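Hi there,

Here is the structure I promised to pass on to you. Have a look at it first, and then read my notes below.

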Amino acid sequence: MPHYAKNFITQVILRADFVRGTVPMAEPDAAMMNVLEGFPVRNRMNRTKTEVTVRKTPQGNNKETYTTNFVENNFWLEDKSRRVAVCSEYLFVEEKRYEGYEALRDLFVEALDAAAAQYPGMKIKRLGMRFVNEIKLPEADAGPGLGADFWQKYVNPGLVAGLRFAANSDALARHMCTTELNYGTDRATIRYGIFNTEYPKPNRRREFIVDTDTYCETQLAAADVPAKLDDYHAAACSVFEAAITDALRERMR
């Protein structure tokens, strides 16, 4: 994301899901532990994943269910603002206090490279990057109101049309929209609107979410990941910049 003095990013996730059986990891090896040496808070958790596959046969649809038990290895910073989870099924980095893209990408790539070195047959079946922006403007000088008349000053009017349709902003409990984009192998899901953490009560907070999830569901090698992440980051930046107005940029600066 662009470097503003203030940002509204509350969660960033970089995640790779592995092809079943290509990363038979019980626990990280020394190379992975070296990458994660700066993460002192650690635990291991037993997880279960169930996948259902439907196959067409001459006798009709055949449903197959796979249940996998695995151990998730978790690593946090001391204040738990950043977490790395690695196991036989996936690797992800989650950050709740965003301080820049490059360091986050480098950590993810280094951890993924360590997993690939431990398991040369590693294959990625899904790679994704998600940015959640919670635009919070409780300040009095931001202006009055909760509905479209307030938000059109700070958010692209095309994203607040639904708020105008729900004209009674005092009664609005939730208004979330989803737009999905298909670029072939690359996809993007954009969720935006008023979430309201006190739902189903009427919303009483000036909080607008722009949640961008960019991903692909095709087999990749570890060497393919950095370029993909850079593309996804550029896309997330483009979406956010298109979603906001100059008035919000001035507040962020």
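Let's start with tyrosine 154: with a relative accessible area of 2%, this residue is buried. One thing to keep in mind as you browse is that this is a predicted model.

Phenylalanine 150 is buried too, at a relative accessible area of 3%. Together, Phe150, Trp151, Tyr154 and Phe208 make up one aromatic cluster.

The structure has 6 aromatic pairs. One of them is tyrosine 90 with phenylalanine 92: the ring centres are 5.8 Å apart and the planes meet at 25°, so this pair is stacked. Both partners are out of the solvent's way in the accessibility sense: tyrosine 90 is buried at 8%, and phenylalanine 92 is buried at 9%. For phenylalanine 150 and tyrosine 154, the centres are 5.4 Å apart with the planes at 50°, so that pair is tilted.

Next, the strands. E1 (residues 9-18) and E6 (residues 124-136) run antiparallel and are joined by 9 bridges. Within that pairing, arginine 15 has glycine 128 in E6 as its bridge partner. E6 also pairs with E9 (residues 207-216), again in the antiparallel sense, over 10 bridges. There, asparagine 133 is bridged to valine 210 in E9.

Glutamate 198 is found in the loop between strand E8 (186-194) and E9. With 36% relative accessibility, glutamate 198 counts as partly exposed. Its side chain makes a polar contact of 3.3 Å with the side chain of arginine 205. If you want a sense of distance, the C-alpha atoms of glutamate 198 and asparagine 46 are separated by 32 Å, and the two residues are 152 apart along the chain.

Finally, how many disulfides are there? The count is 0. Take cysteine 87: the closest cysteine sulfur, in cysteine 216, is 18 Å from its own, so a bond is ruled out by distance. A disulfide would need the two sulfur atoms within 2.5 Å. Cysteine 237 is in no disulfide either, as its nearest cysteine sulfur, again that of cysteine 216, is 18 Å away. Cysteine 87 is buried at 0% relative accessibility, and cysteine 237 is buried at 13%.

Cheers!

Terms used. Residues numbered from 1 in each chain as written. Predicted model: local features only at pLDDT ≥ 70, side-chain atom pairs only at ≥ 80, totals over all residues. Heavy atoms only, no water. Buried < 20%, exposed > 50% of the residue type's maximum accessible area, 1.4 Å probe, protein only. Pairing = 2+ DSSP bridges. Helix = DSSP H or I, 4+ residues; strand = E, 2+ residues; numbered from the N terminus. Polar contact = N/O pair within 3.5 Å; in protein donor to acceptor, adjacent residues only side chain to side chain. Phe/Tyr/Trp six-rings, centres within 6.5 Å; stacked < 30°, edge-to-face > 60°.
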